[in-house]
Amino acid sequence: MVAELAEELGMPMPKVGTMIETPAAFIMAPVLAKYCDFFSIGTNDLTQYIMAADRGNEHVSYLYQPTNPAVVKLVDMTVRAAAKAGIGCSLCG
């Protein structure tokens with residue numbers, strides 16, 4: 001669909017990527033990589049979802065830990081999936 005729109009507008013095909021910021025997206029990263037030119041890892045949302053802790057809620061925000069091994073592991077897995085697929089990967093957040 002993106003290619004069709006770019007052609008219709010007479011524009012070059014833009015790079016297409018996805019935000020990886022939920023546990024489901026991290027698990028599916030190897031599959032998503034087949035359809036993307038790049039990944040952007042949303043670390044704020046990732047941490048919030050992985051740690052089940054709303055960083056804006058004072059009662060549970062102490063559980064929001066960006067350096068928790070589970071968060072680091074999922075970031076690592078996503079970077080490796082992007083590298084294996086030969087696509088770019090950046091961090092956002």
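**View 1. Gln48, a residue of helix α4.** This is a predicted model, so keep that in mind for every view here. Is Gln48 buried or exposed? Its relative accessibility is 18%, so Gln48 counts as buried, the cut-off being under 20%. Look around Gln48 and you'll find Ala53, Asp54, Arg55 and Tyr64 touching it, leaving aside residues up to four places away in sequence.

**View 2. Tyr49, also part of helix α4.** Tyr49 has a relative accessibility of 44%, so it counts as partly exposed. Which residues does Tyr49 touch, not counting residues up to four places away in sequence? They are Glu21, Thr22 and Pro23. Now pick out Val71: along the chain, Tyr49 and Val71 are 22 residues apart, and their C-alpha atoms are separated by 9.6 Å.

**View 3. The buried residues of α4 and what they pack against.** Thr43, Leu46, Thr47, Gln48 and Met51 are the buried residues of this helix. Just after α4 comes Ala52, which has a positive phi of about 50°.

**View 4. Helix α4 crossing helix α5.** Two packed helices are described by the angle between their axes and the distance between the axes. Here, the axes of α4 and α5 come within 10 Å and cross at roughly 130°. That angle is why α4 is called oblique to α5. The crossing is right-handed. On the α4 side, Leu46, Thr47, Ile50 and Met51 take part, and they meet Ala70, Val71, Leu74 and Val75 of α5. Sort the residues of this contact by class and you get 7 nonpolar, 1 polar and no charged.

**View 5. The largest nonpolar core, with its 18 residues.** In soluble globular proteins, nonpolar side chains tend to be buried together. Which residues touch the most other members of this core? They are Ile20, Phe26, Phe39, Ile41, Leu46 and Ile87. At least two core residues come from each of α2 (23-27), β2 (38-42), α4 (43-51) and α5 (69-85). Helix α5 gives the largest share, 5 residues.

**View 6. Phe26 and the residues it touches.** Phe26 is among the core residues that touch the most other members. Skip the residues up to four places away in sequence, and its contacts are Ile20, Glu21, Ile41, Leu46, Leu74, Val75 and Thr78.

Technical notes:
Residues are numbered from 1 along each chain as its sequence is written. This is a predicted model: local features need pLDDT of at least 70, side-chain atom pairs count only at pLDDT 80 or more; totals for chains, interfaces and linings use all residues. Side-chain values use heavy atoms; hydrogens and water are left out. A nonpolar core is a set of buried Ala, Val, Leu, Ile, Met, Phe, Trp, Tyr and Cys residues joined through side-chain atoms within 4.5 Å. Buried means under 20% relative accessible area, exposed over 50%, partly exposed in between (1.4 Å probe, protein chains only). Helices (H or I, at least four residues) and strands (E, at least two) are DSSP runs, numbered from the N terminus. Contact means heavy atoms within 4.5 Å. Axes are lines fitted to C-alpha atoms, for helices over the stretch in contact, and angles run from 0 to 180 degrees between N-to-C directions. Angles under 35 degrees count as roughly parallel, over 145 as roughly antiparallel, 65 to 115 as roughly perpendicular and the rest as oblique. A crossing is left-handed if the near helix is turned anticlockwise from the far one by less than a right angle, and right-handed if clockwise. Ala, Val, Leu, Ile, Met, Phe, Trp, Tyr, Cys and Pro count as nonpolar, Asp, Glu, Lys and Arg as charged, and the others, Gly among them, as polar.
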